[in-house]
Amino acid sequence: MEIQGSAALVTGAASGLGAATAKRLADAGATVFGIDLQQSIDKAGDSVPAGVTLVPADVTSDAEVKAAVDRVVESGVPLRIVVNCAGVGWAGRILSKHGPHDLELFRTVITVNLLGTFNVMRLAADAISRTETVDETGQRGVVVNTASVAAFEGQIGQIAYSASKGGVAGMTVPAARDLAKFGIRVDTIAPGIIDTPMLAGVTDEYRAGLEAGVPFPSRLGRPDEYAQLVQMIVEHDYLNGEVIRMDGALRMAPR
Ligand SMILES: NC(=O)c1ccc[n+]([C@@H]2O[C@H](COP(=O)([O-])OP(=O)(O)OC[C@H]3O[C@@H](n4cnc5c(N)ncnc54)[C@H](O)[C@@H]3O)[C@@H](O)[C@H]2O)c1
């Protein structure tokens with residue numbers, strides 16, 4: 001799939017992996033629309049790269065995501081690339097000395113990470129399905145979702161996050177199968193520990209501990225390495241229905 005001349009919709013685009021992806025796709029010639037919450041867009045301020053338009057929307061809202069997708073369609077540039085990076089994570093055990101896990105907290109993590117990813121995928125796929133095909137195979141577009149290595153080996157306290165990311169990983173094959181007849185590929189990236197604003201506040205000692213746990217290269221991943229993998233997936237027409245770990249061979253310990 002050619003990036004140049006395509007429109008891309010990236011969620012969570014005001015920060016971290018989404019921001020790096022929006023920039024990389026714009027640099028590669030895409031017309032990029034980024035979805036994020038208003039407060040995160042305000043925080044991003046003037047740092048939004050050229051070629052990226054941020055649109056306030058909550059990924060869990062039918063109406064807001066529909067409006068954002070309409071905005072892309074109205075640009076006249078065919079929507080072909082969708083990258084789901086919006087996500088949240090809270091720590092909490094099923095049972096701790098404070099009692100059972102808060103049910104609303106669990107619901108929120110599932111709603112943003114899993115339902116939000118599904119919501120964007122279904123509405124964006126509808127728009128992509130209305131575009132012309134780009135090649136003799138009938139290809140129209142590609143969706144890249146973001147899971148986490150916590151989908152496979154969640155740590156103590158990651159029950160809600162792991163469940164949500166396991167759901168994202170699990171959607172990959174059925175989504176690829178559902179959307180095959182529209183010429184839309186679906187792949188998922190499962191990152192290890194990436195150096196995003198989430199880690200900005202940690203001590204040097206804590207960071208060194210995280211880095212030491214990564215076999216090779218023994219450092220945190222960089223947001224642009226995630227964006228590079230998105231670009232590779234978009235450009236590689238035979239990658240479909242796959243969950244790709246990007247983690248320096250990290251396998252998370254229980255804690
Ligand atoms: N950074 C890591 O180490 C890491 C590792 C594995 C997976 N991930 C996943 O990658 C994705 C991006 O993470 P990040 O590190 O860039 O985080 P981040 O916090 O820097 O960015 C996430 C963005 O999502 C937005 N967002 C949250 N809820 C939203 C909603 N309801 N609607 C719209 N936007 C919403 C936030 O406003 C924020 O701008 C997340 O899904 C995260 O779970 C990150």
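This is a predicted model: local features need pLDDT of at least 70, side-chain atom pairs count only at pLDDT 80 or more; totals for chains, interfaces and linings use all residues.
A second topic is Asn 84, which belongs to strand β4 and is buried.

- The side chain of Tyr 161 places a polar atom 2.6 Å from an oxygen atom of the ligand.
- Cys 85 takes part through its backbone, with a polar atom 3.3 Å from a ligand oxygen atom.

**Make-up of the shell**
- Two helices, α1 (16-27) and α6 (159-179), are the elements that give two or more residues to the shell around the ligand.
- There are 27 residues around the ligand, and those that come nearest are Ser 15, Leu 17, Asp 36, Ser 40 and Tyr 161.
- Sorted by class, the shell holds 15 nonpolar, nine polar and three charged residues.

- Asn 84 counts as buried because its relative accessible area is 3%, against a cut-off of under 20%.
- The side chains of Asn 84 and Asn 145 are joined by a polar contact of 2.8 Å.
- Leaving aside residues up to four places away in sequence, Asn 84 touches several residues, among them Val 143, Val 144, Asn 145 and Thr 146.
- Further contacts of Asn 84 include Thr 11, Gly 116, Thr 117, Val 120, Met 121 and Tyr 226.

Terms used: Residues are numbered from 1 along each chain as its sequence is written. Side-chain values use heavy atoms; hydrogens and water are left out. Helices (H or I, at least four residues) and strands (E, at least two) are DSSP runs, numbered from the N terminus. Buried means under 20% relative accessible area, exposed over 50%, partly exposed in between (1.4 Å probe, protein chains only). A polar contact is a pair of N or O atoms within 3.5 Å; within protein, one must be able to donate a hydrogen and the other to accept it, and residues adjacent in sequence count only if both atoms are side-chain atoms. Contact means heavy atoms within 4.5 Å. A residue is near a molecule or strand if one of its heavy atoms lies within 4 Å of it. Ala, Val, Leu, Ile, Met, Phe, Trp, Tyr, Cys and Pro count as nonpolar, Asp, Glu, Lys and Arg as charged, and the others, Gly among them, as polar.
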